[in-house]
Amino acid sequence: MTNSDIAIDKTKILFCDDNPDDVELMKLELDLAKLNYTSLLVEEKEEFTKALGDFNPDIILCDYTMPSFNGMDAFKILKEQNRPIPFIVVTGTINEELALDFLNGGVDDFILKSSYKRIPNALQKAIEKRKTEQLTKETQANLKAIFDNTSEGFILMDENDLIKSFNSKAAELVFQIEEKKLEEGKNFYDFIGATERLLIQNKIARTLSGLTIYHNQSYLQKSGKTIWFNFSIDFITVDKNKKGSCISLRDTTQLKINEEKLLKANRMLSFIGEINLMM
């Protein structure tokens, strides 16, 4: 293993503290835990801001009280830059109200200076937590991209038929049918006609047995054009309990047109065949 390989694996810790002796005590605990790390110490606001970009730390251990600025000020700078870096506050004393302010504000942890032995475990826990959060965000973003760019429309509803989510294709297709814009939090049936409401409610009731219901329906637009849609309805269940339903829909107008053309062509061929038999 080369030196560069070792460096890549090291955890980069940014210490923000005006007391080098305290930092050395924290490093001692990290060394005893055999944590592979590299570190940088800053104590001024300008140094801290610069280190966020130049040093690009994996985690920050910040003293709460310093002459030029405090730990909450440092955390605000981090939030303003929208940097998902774990942030642990180190303080000499703390009361319950201040601890709640830290945690409610999004700080990962706080450590009393009398409890430095907690640092290695708290540090690794905070890093793993942020990695999991980042992975979850990336997964959700990927799923949302797929959800929004599919050629099929999807509308997710809760058990009270309130719209929880929908993709852009669903909004486009519903607008073609009813000329209404879908809205999250609204009742799904506010966006369809009374006849369709009774029809879909009946079909949803039939899915209670676990069946997936498919439905084809034509609509006459104000322009006079007839459009066709195919619907399917599935229940969303968690631990065998109904938690809502998913309606998927797609425009089948061109498919219907092609089917009609094929039917006419077959009829014409049949007619020609009958004439040929008569000759």
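Phe175, Gln176, Ile177, Glu178, Glu179, Tyr219, Leu220, Gln221, Lys222 and Ser223 line the second largest pocket of the structure. The structure is a predicted model, in which local features need pLDDT of at least 70 and side-chain atom pairs count only at pLDDT 80 or more, whereas totals for chains, interfaces and linings use all residues. Residues are numbered from 1 along each chain as its sequence is written, and side-chain values use heavy atoms, with hydrogens and water left out.

A pocket is defined on a 1 Å grid over the protein atoms alone as an open set of points where a 1.4 Å probe fits, with protein on both sides within 12 Å along at least five of seven lines; lining residues have an atom within 4 Å of a point. The second largest pocket holds about 170 Å³ of space, a volume being the space filled by probe spheres set on the points, which are joined across faces, edges and corners. Helix H7 (168-178) and strand E8 (213-220) each supply at least two residues of this lining, and H7 gives the most, with four residues. Helices (H or I, at least four residues) and strands (E, at least two) are DSSP runs, numbered from the N terminus. By class, the lining of the second largest pocket has four nonpolar, three polar and three charged residues; Ala, Val, Leu, Ile, Met, Phe, Trp, Tyr, Cys and Pro count as nonpolar, Asp, Glu, Lys and Arg as charged, and the others, Gly among them, as polar.

In the largest pocket, the space amounts to about 630 Å³. Its lining comprises 25 residues, of which Asp58, Pro84, Ile85, Pro86 and Arg130 lie nearest the centre. At least two lining residues come from each of helix H4 (71-80) and helix H6 (119-149), and the largest share, nine residues, belongs to H6. Nine nonpolar, six polar and 10 charged residues make up this lining.

E1 runs parallel to strand E2 (residues 37-42), to which six bridges join it; two strands pair if DSSP finds at least two bridges between them. Thr11 has Tyr37 of E2 as its bridge partner. E1 also pairs in the parallel sense with strand E3 (residues 59-63), over four bridges, and Phe15 has Leu61 of E3 as its bridge partner.

Asp31 is found in helix H2 (residues 20-32) and counts as partly exposed because its relative accessibility is 46%. Asp31 and Pro120 are 89 residues apart in sequence, and their C-alpha atoms are 9.0 Å apart in space.

Notes: Buried means under 20% relative accessible area, exposed over 50%, partly exposed in between (1.4 Å probe, protein chains only).
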